Amino acid sequence: MAEIDVHRDDIELDAPTLVEGLPGVGLVGKIAADHLVDALDMTDYAAVHCEGLPEVAVFGEGDPTYDPPVRLYADEQRDLLALQSDVPVSPNVADDFAACLTGWLAERDATALYVSGLPAEKEGVPSLYGVTSGDATGLLDEYDISSPDESGVISGPTGALLYEANRSDLDALGLVVEANRNFPDPEAARVVLLDGVGPIAGVDVDTEHLVEQAEEISAARENLAKRMQEAQEESSKAQPMGMYQ
């Protein structure tokens, strides 16, 4: 049965902001969401049991308990949610997953921040762009986030989430950042957190060690990055429209 199983009824959220952390190009969203969960000591809030998600158990070093692969973490004080995923979402079930999560978010009047890496040969600080639907359009101007400088497509599960948000009138903003196409990119995740998530969600989080510990982060996620390269169709990414013409 498709559902979001909330197991912390004591936490009250009022029109929260969601930060999505699905694996994609550069693992940008995953690195950003994982960092938020750890840095803010967010609470394990709900298990995501949407149709098509892998029925597997994940566990961590030194921890005897296991968890479902896709989870929501909450920070009641900051009215913040983070979607943490330890598995890629297959494109074959992306529409079901998107409908399941979007319906739940819409019921809570949430604003969704969906993250996608744009494969690029970066020079200097990665560029960040924003695309929006619903009332979230004004956030681009309010927080000085640039619109894309060329036409493009956001594919994969993140693209499905943005598509469903538009259909469901859910306020959603896609944060598109230049990222390494082949390896985890903590620098791109840092830009997303500093210039996108932080200002919009009102979150002040230290990101310096994301770059300082880039090698450690890359090593820890090396296996997942390889899996994403082997199954590119499962990876959420942004790409120029020319690739579809």
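A crossing of two helices is left-handed if the near helix is turned anticlockwise from the far one by less than a right angle, and right-handed if clockwise. Keep that in mind for the helix pair below. This is a predicted model, in which local features need pLDDT of at least 70 and side-chain atom pairs count only at pLDDT 80 or more, while totals for chains, interfaces and linings use all residues. Residues are numbered from 1 along each chain as its sequence is written, and side-chain values use heavy atoms, with hydrogens and water left out.

**The overall picture**

- The protein has 8 helices and 12 strands; these are DSSP runs numbered from the N terminus, with helices being H or I of at least four residues and strands being E of at least two.
- Of its 245 residues, 53% count as buried, where buried means under 20% relative accessible area, exposed means over 50% and partly exposed is in between (1.4 Å probe, protein chains only).
- Take the contacts (heavy atoms within 4.5 Å) between residues at least 6 apart in sequence: 78% of them join residues at least 24 apart.

**Helices α1 and α5**

- Two packed helices are described by the angle between their axes and the distance between the axes.
- Here, the axes of α1 (residues 28-39) and α5 (residues 186-201) come within 8 Å and cross at roughly 65°; axes are lines fitted to C-alpha atoms, for helices over the stretch in contact, and angles run from 0 to 180 degrees between N-to-C directions.
- The crossing of α1 and α5 is right-handed.
- On the α1 side you'll find V28, I31, A32, H35 and L36, which meet P186, A188, A189, V192, L193 and V197 of α5.
- By class, that contact has 10 nonpolar, 1 polar and no charged residues; Ala, Val, Leu, Ile, Met, Phe, Trp, Tyr, Cys and Pro count as nonpolar, Asp, Glu, Lys and Arg as charged, and the others, Gly among them, as polar.

**The disulfide**

- A search of the whole structure turns up 1 disulfide, meaning a pair of cysteine sulfur atoms within 2.5 Å.
- The partners are C50 and C100, with their sulfur atoms 2.1 Å apart.
- C50 sits in the loop between β3 (43-49) and β4 (58-59) and C100 in helix α2 (residues 94-107), so the pair ties together parts that are 50 residues apart in sequence.
- The torsion about their S-S bond is about -75°, so this disulfide is left-handed.
- C50 is buried, with a relative accessible area of 5%, and C100 is buried too, at 15%.

**Around D75**

- D75 belongs to strand β6 (residues 70-75), and it counts as buried because its relative accessibility is 8%.
- Its side chain is joined to that of R78 by a polar contact of 2.5 Å; such a contact is a pair of N or O atoms within 3.5 Å, and within protein one must be able to donate a hydrogen and the other to accept it, with residues adjacent in sequence counting only if both atoms are side-chain atoms.
- Leaving aside neighbours within four places in sequence, D75 is in contact with L13, L40, M42 and L80.

**Two positive phi values**

- Most residues other than glycine have a negative phi.
- D169, in the loop between α4 (156-168) and β11 (172-179), has a positive phi near 60° and isn't a glycine either.
- D79 counts as buried at 17% relative accessibility, whereas D169 counts as exposed at 68%.
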